[in-house]
Amino acid sequence: MRDTRESRLLLVLLVAIAFALITVDIRGGEQSPLDGARQAAASAFGPVESGVARVVNPVGNAIGAVRDSGSRHNRISRLEHENEALKARLGSSDRNRSRAAELDKILKTAGTGQYGIKGAQVIAIGSAQGFSWTVTIDAGRRDGIARDMTVLNGDGLVGRVTTVGADTSTVLLAADPDFTVGTRMEKTNEIGFANGQGVRSLRVQLLNGKANIKRGDRLVTFGSSKDKPFVPGVPVGKVVRVEPSNGDLTRNLQVRPYVSFSQLDIVGVVVAPPRQDPRDTVLPPAPAKPKPTPTVTVTATPSASASPRS
């Protein structure tokens, strides 16, 4: 439409009519004469408005989500940190309980054998000396640790101290092939020497080739001169295989150690030997033998009232 005097007058007239209709509609309320026209317009344009709303609302929601994403991200991040902290506390609690249980076992072992011990934690595996089966503990010269001291835990013999620093020490594990310890069989007192075989069981060579040994028999340390490097009575392991003697002067055994060398954490270094040999008292109680199940045999007897046929 061209901008002429007539067009401007028409625009003014339309605006005036619009205001007049709005005034009449507001004053009429629900009885407004324009109510029918308004409802007809709503019926005609309602579906179009709904379609537009379905298209526009997701966009509006997305914009709102982007606007609120900062606060939501911060809240999620805070919850994640709190969750991780809770997991860490629970894990630490579980680990502390495990360590407390292990320390309790060590103290019971030391009390039974009358060993004076210094508790220590395994802080590293391996050492610069080239030993293949060693650990480093966080106790050293300042803690009263010296070379050739026996190391044990709640299960039995762990190894011996080989190198001592001011605050740390190196322990050669009983699983090392270069490790040797004198052993004594429970009850029979047969003497032998145990050697490490890495991940395999210990190999024990008994001095008596005719010794009567069976699977399940148990061994303890025999003890060394002046209790170094080994104090007596520390549990070593249980026999899992007796090799044929073949007439040899000695007899070889395969022994499963009590200690799990891949799960070491808390250990005890024997800084004071027992006053006397504890013998077999440090060994765990032997499992009770199952009682034989009694069998009942029922024998049918002929009735007294029954009479033989003639």
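## Legends to the close-up views

**View A. Aspartate 280 is partly exposed, with a relative accessible area of 23%.** The model shown in this and the following views is predicted. The side chain of aspartate 280 meets that of arginine 184 in a salt bridge, at 3.1 Å from N to O. This pair links distant parts of the chain, since arginine 184 belongs to strand β6 and aspartate 280 to the segment after β12 (266-272), 96 residues apart. Arginine 184 has a relative accessibility of 3% and therefore counts as buried, the limit being under 20%.

**View B. Glutamate 243 and arginine 241 are joined by a salt bridge between their side chains.** The N to O distance is 3.4 Å. Glutamate 243 is buried because its relative accessible area, 17%, is under 20%. For arginine 241 the relative accessible area is 44%, and the residue is partly exposed. The structure holds 10 salt bridges.

**View C. Arginine 279 and aspartate 277 form a salt bridge.** The closest N and O atoms of the pair are 3.9 Å apart. Arginine 279 is partly exposed, at a relative accessible area of 38%. Aspartate 277 likewise counts as partly exposed, with 30% relative accessibility.

View D. With a relative accessible area of 8%, arginine 218 is buried. A polar atom of the arginine 218 side chain lies 2.6 Å from the backbone oxygen of proline 284.

**View E. The structure holds one aromatic pair.** Its members are phenylalanine 179 and phenylalanine 230, whose arrangement is edge-to-face, with 5.4 Å centre to centre and 70 degrees between the planes. The pair links distant parts of the chain: phenylalanine 179 lies in the loop between β5 and β6 (180-185), and phenylalanine 230 in the loop between β9 (218-221) and β10 (235-242), 51 residues apart. Phenylalanine 179 and phenylalanine 230 are both buried. The edge-to-face label applies because the angle of 70 degrees is over 60.

**View F. Strand β2 (residues 134-137) is covered on both faces.** Thr134 and Thr136 are buried on one side of the strand, and Val135 and Ile137 are buried on the other. Strand β2 pairs with strand β1 (residues 116-125) in the antiparallel sense over three bridges, and valine 135 in β2 stands opposite isoleucine 125. Strand β2 also pairs in the antiparallel sense with strand β5 (residues 169-173), over four bridges. In this second pairing, leucine 172 of β5 is the bridge partner of threonine 134.

**View G. Tyrosine 115 belongs to the largest nonpolar core, which has 46 residues.** Tyr115, Val161 and Leu253 are the members that touch the most other members of this core. Leaving aside neighbours within four places in sequence, tyrosine 115 is in contact with Thr109, Ala110, Leu152, Val231, Pro232, Gly233, Val234, Val270, Ala272, Pro274, Pro278 and Val282. In soluble globular proteins, nonpolar side chains tend to be buried together.

How values were computed: Residues are numbered from 1 along each chain as its sequence is written. This is a predicted model: local features need pLDDT of at least 70, side-chain atom pairs count only at pLDDT 80 or more; totals for chains, interfaces and linings use all residues. Side-chain values use heavy atoms; hydrogens and water are left out. Buried means under 20% relative accessible area, exposed over 50%, partly exposed in between (1.4 Å probe, protein chains only). Helices (H or I, at least four residues) and strands (E, at least two) are DSSP runs, numbered from the N terminus. Two strands pair if DSSP finds at least two bridges between them. Rings of Phe, Tyr and Trp (its six-membered ring) pair if their centres lie within 6.5 Å; planes under 30 degrees apart count as stacked, over 60 as edge-to-face and the rest as tilted. A salt bridge is a side-chain nitrogen of Lys or Arg within 4 Å of a carboxyl oxygen of Asp or Glu. A nonpolar core is a set of buried Ala, Val, Leu, Ile, Met, Phe, Trp, Tyr and Cys residues joined through side-chain atoms within 4.5 Å. Contact means heavy atoms within 4.5 Å. A polar contact is a pair of N or O atoms within 3.5 Å; within protein, one must be able to donate a hydrogen and the other to accept it, and residues adjacent in sequence count only if both atoms are side-chain atoms.
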